[in-house]
Structures are given as C-alpha cells and as structure tokens.
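Please look over the sequence and the fold before reading on, and keep both in view while the paragraphs below are read.

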Amino acid sequence: MPTFRTLRPTPTSLFPDRQLMFRRRIAVIGAGAAGLVAARELRREGHGVVVFERGDSVGGTWVYTPAVESDPLSLDSNRKVVHSSLYDSLRTNLPRECMGFSDYPFVAVTGNSDNDQRRFPGHPEVLRYLEDFSRDADLNGMVRFRTEVVSVEMEGEGKWAVRSRKIDDGLTGDESEVYDGIVVCNGHHTEPRVAEIPGIEIWPGKQIHSHNYRIPQPFLGQVVVVIGGSASAVDISRDIAGFAKEVHVASRSYCLENPMKQPGYDNLWLHSMIESTNSDGTVVFQDGSSAHVDVIMHCTGYKYHFPFLKTDGIIDVDDNRVASLYKHVFPPFFSPYLSFIGIPWKVVPFPLCELQSKWVAGVLSGRIALPTPEEMMEDVKVFYLEMEHAGRPRRYTHNIADYQFEYDDWLASQCGYPPVEEWRKQMYESTAKNRIARPESYRDEWDDDDLVAAAHQDFKKFLFSC
C-alpha cells in the first residue's frame with residue numbers, strides 16, 4: 001500500500017503561474033461517467049470545456065450494443081472497434097447506493113414501469129442514471145458527439161493541439177484546435193488483453209474475448225472454457241451454463257488439485273489454469289484434468305490504450321502500467337496540463353472519478369497546488385519500488401482495491417472536501433463479503449439494510465424524497 005503523504009507544494013516549478021487563479025480552455029476526451037463528471041467539475045471551477053465523444057450519446061461503456069467486432073479476439077488492428085463491452089444480462093456487482101456520485105444519488109425512480117427498481121440493476125438503468133446526470137447538470141451542450149480525437153500533441157508550454165474528425169462525414173476533413181489542457185477519460189474496456197496459452201497455435205477451436213460476448217445462445221450444446229476469475233468470468237460462465245453442454249472456468253486464482261463442480265450446476269466446473277492445448281481439440285488443465293473444447297472465452301481484462309496521444313514515448317503503457325502518473329492522474333512533467341481520470345481499477349468508479357475530477361479542476365485553476373515535477377516523479381518511483389519489494393506484478397499498478405478509500409480520502413483532503421461517507425465504505429465491504437457467502441444470489445439477498453437506510457438518510461440532502 002503506498003504512503004499518502006502530502007508532498008510540499010511549491011510555486012517554483014516548470015509552471016510558476018499555477019498558484020494563481022486561472023480559467024482555462026480544456027478538452028475532455030470521452031463522455032462516459034469519467035468524462036461527464038470531469039466536465040461538470042471543470043465547469044464548476046470556471047474553465048471552458050469541450051467534450052469529445054466518438055459515439056452519438058453519453059454513457060461510454062454503459063451504452064449497450066448487440067454489435068461485436070469482426071475479430072472475436074479483437075487483435076486485428078484494422079478491425080472496426082466496438083467501444084462497449086457490455087453483455088445483455090449484465091447487472092451491477094455493486095449496490096446502486098454505493099455507485100452514485102456524491103451529490104447525485106443513484107436511486108430507483110418510481111412511476112415508470114420501464115425503470116429497473118432493483119438494488120443491483122441491469123446496465124440500462126446505469127445508462128439512464130448517466131443520461132439523467134448529464135441532462136440535470138446541463139452537460140449535453142458541451143459534448144461534440146460522433147467526433148473522434150485523432151491526435152493530441154503538445155504545442156508550446158501548456159498548450160495542446162487537438163486534431164479531431166467527424167465520424168462518417170465525408171464532407172469535412174480534420175479540424176485542429178489549441179487547448180490549455182487535456183483531460184483523458186477514454187476508459188479502459190475496449191482494448192482486450194488475451195491470455196498466453198501453450199499450444200494455442202495448433203488448437204483447432206474458436207477463441208473469443210468477453211469484449212465480444214453478448215448473449216449465451218450461440219454456445220448451445222458446446223463445451224466452453226472461460227479463462228479468468230473476475231466478475232465478468234463469474235457472470236458469463238453462469239450465463240453460458242444455461243445453454244452449453246459443459247463450462248470449465250480456469251484461472252490463476254484457483255489453486256486446485258482437482259476440478260471443483262459448482263453447487264447448483266450439473267455442467268460447471270472450476271479448474272486451475274490451462275496447462276496446454278492440443279491439435280486434437282483437448283485442453284489440459286494444471287489440475288491434471290482435460291476436456292475436448294469447442295470455445296475458449298478470454299475474460300482476461302483490458303489494456304490501457306491512448307492511440308491519439310503523441311508524447312514522444314513519455315506517456316508509455318508497459319505491462320498495463322501507465323507510466324509515470326503521480327497518484328494515477330498527473331504525468332509529472334506534463335502537469336497540470338495533461339491528466340487522466342478513471343485509471344484505477346477494482347474500485348467504486350463513479351465517486352473516485354468525481355474526486356479525481358475535483359482535484360484536476362482545482363489544480364488547473366491554481367486553487368490547489370501540486371508538488372514540483374521532480375517531487376512528483378520521486379513519489380512515483382517510491383511507489384514503484386514499494387510494489388517491487390512486495391512482489392506485485394507491474395500489471396497491478398493501478399489495481400488499488402486494497403487502499404481505494406484511503407486514496408479517495410486523500411483526494412478529498414487535497415480538494416478541501418470531507419472523506420468518503422462511512423456508510424459507503426461499509427456497504428462496499430459488506431457487499432464483498434456477501435458476494436463470497438452468496439455467489440449466486442448476492443444481488444437479491446443481503447444483510448445491510450441498516451446501511452441502505454443510512455445512505456437514504458444522507459441522500460435527503462440532495463433529493464426531495466428517497
């Protein structure tokens with residue numbers, strides 16, 4: 001766990017003007033949850049904001065589409081990229097009370113039969129929440145829809161050239177503009193990571209990444225291996241089990257000597273990781289068992305990907321570490337004019353993005369001071385050294401599950417805001433325990449109604465009724 005000490009802020013830096021109050025012109029890339037809350041906080045701080053969004057609506061990865069990519073593994077660089085990774089049956093794995101922004105509660109809206117009233121709703125309800133947030137915060141007019149950012153490149157101290165183009169518009173060429181700052185909010189659920197499997201080049205079956213999974217019916221009667229131990233692997237394996245002949249879940253997280261049949265299923269087993277694949281179609285697991293498999297599904301996560309960012313290699317992604325970011329947000333020698341929102345994972349994302357956005361907005365105006373670039377770089381180096389000594393792989397740099405609320409509270413302290421609500425922290429922990437105790441039913445059975453009541457009492461500050 002990194003140490004959240006406050007480094008000495010000083011005006012003697014590469015950007016000596018940042019102690020003063022400035023109103024800057026900022027480009028936000030992406031109109032998902034991170035981009036929307038960043039736009040709101042930047043505008044609250046007085047900045048001028050333009051949001052670039054490739055799609056035709058707000059919501060980012062929460063905009064469901066049945067379309068999938070032509071390459072089921074999404075490895076072909078020439079493929080037409082589909083942004084969303086949602087599958088049709090997806091429900092949140094966090095309760096709605098815990099998920100929402102601090103001053104815009106995610107509550108069930110009554111009076112409309114189309115709304116999902118469940119505490120762990122399906123993805124359309126999350127999209128509705130983000131659409132409502134964008135509407136009520138009057139953000140839609142700031143968004144340039146169907147506009148792709150082609151390149152972002154530094155043009156003098158604290159100036160960034162942004163080249164963009166309208167999608168499917170053959171009448172206009174690229175447009176170039178200059179901004180005072182860039183806030184990157186393009187998400188990290190589009191560029192899949194694929195597991196390395198011995199013998200896969202001779203294995204005759206089909207491979208697919210969960211990014212391109214939507215519905216289970218195509219797997220009717222097939223034998224499927226799902227690789228991964230994350231929430232998506234758990235959900236998708238159970239989704240497919242209703243149609244497939246057999247489902248075998250393999251993960252580094254499972255150190256099993258024998259396959260473990262899952263309670264309530266006749267066709268679902270857990271295994272240790274894959275040992276090898278063979279030309280006859282068999283998949284051999286490290287627990288010694290094997291199966292003749294039709295499909296391997298990679299539920300193996302995603303890569304950070306910033307193809308538009310031109311920084312001469314200073315912003316680099318190495319084994320899924322975005323190097324080098326001070327507190328997962330600012331690259332020291334481009335700060336404060338370049339920042340990233342929403343990089344950490346295994347977190348409660350919306351409140352985290354909100355706090356990061358408050359910090360970025362305040363830093364850009366000069367109301368909040370950063371340490372010098374040299375001090376920030378030293379802090380990053382110390383963090384990396386702590387990871388190395390702890391034996392944590394580089395790919396877990398932005399996995400802050402063990403200290404997310406300490407991180408959130410540190411951000412809040414930088415911005416002069418109170419720490420994350422105690423009920424929210426306790427609800428997150430309670431849900432995690434309930435997920436283990438009731439893996440099949442935690443979304444519909446729980447024991448933390450006292451925390452729900454505390455949340456709704458808190459929400460009364462923002463709602464006429466809860």
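This is a predicted model: local features need pLDDT of at least 70, side-chain atom pairs count only at pLDDT 80 or more; totals for chains, interfaces and linings use all residues.

Residues are numbered from 1 along each chain as its sequence is written, and side-chain values use heavy atoms, with hydrogens and water left out.

An open sheet of five strands can be traced in the order β3-β2-β1-β7-β22, with parallel pairing; strands here are DSSP runs of E of at least two residues, helices are runs of H or I of at least four, and both are numbered from the N terminus. Two strands are said to pair if DSSP finds at least two bridges between them. The edge strands, each of which pairs on one side only, are β3 (143-144) and β22 (338-340). Strand β7 (residues 181-184) is joined to β22 by three bridges, the two running parallel, and Val184 stands opposite Phe340 of β22. Helix α1 (residues 33-44) lies across β1 (25-29), β2 (48-52) and β7, and runs at about 170° to β2.

Lys206 stands opposite Val295 in β17, whereas Val226 has Met297 of β17 as its bridge partner. In a regular strand the side chains alternate between the two faces of the sheet. In β17, Val295 and Met297 point one way and Ile296 and His298 the other way, and all are buried, buried meaning under 20% relative accessible area, exposed over 50% and partly exposed in between, with a 1.4 Å probe and protein chains only.

Lys327, which lies in the loop between β21 and β22, has a positive phi of about 55° although it is not a glycine, and Lys327 is buried, with a relative accessible area of 6%. Lys346, in the loop between β22 and α5, likewise has a positive phi of about 55° without being a glycine, but Lys346 is exposed, with a relative accessible area of 51%.

How do the helices pack? Two packed helices are described by the angle between their axes and the distance between the axes. Helix α5 (residues 349-365) and helix α7 (residues 404-415) pack at an angle of about 30°, with their axes 9 Å apart, where axes are lines fitted to C-alpha atoms, for helices over the stretch in contact, and angles run from 0 to 180 degrees between N-to-C directions. The two helices α5 and α7 are therefore roughly parallel to each other, as angles under 35 degrees count as roughly parallel, over 145 as roughly antiparallel, 65 to 115 as roughly perpendicular and the rest as oblique. Their contact (heavy atoms within 4.5 Å) involves residues including Leu352 and Trp359 of α5 and Tyr407 and Leu411 of α7.

Helix α7 also packs with helix α8 (residues 422-437), at an angle of about 160° and with axes 11 Å apart, which makes α7 roughly antiparallel to α8. Here Gln404, Phe405 and Asp409 in α7 meet Arg424, Lys425 and Tyr428 in α8.
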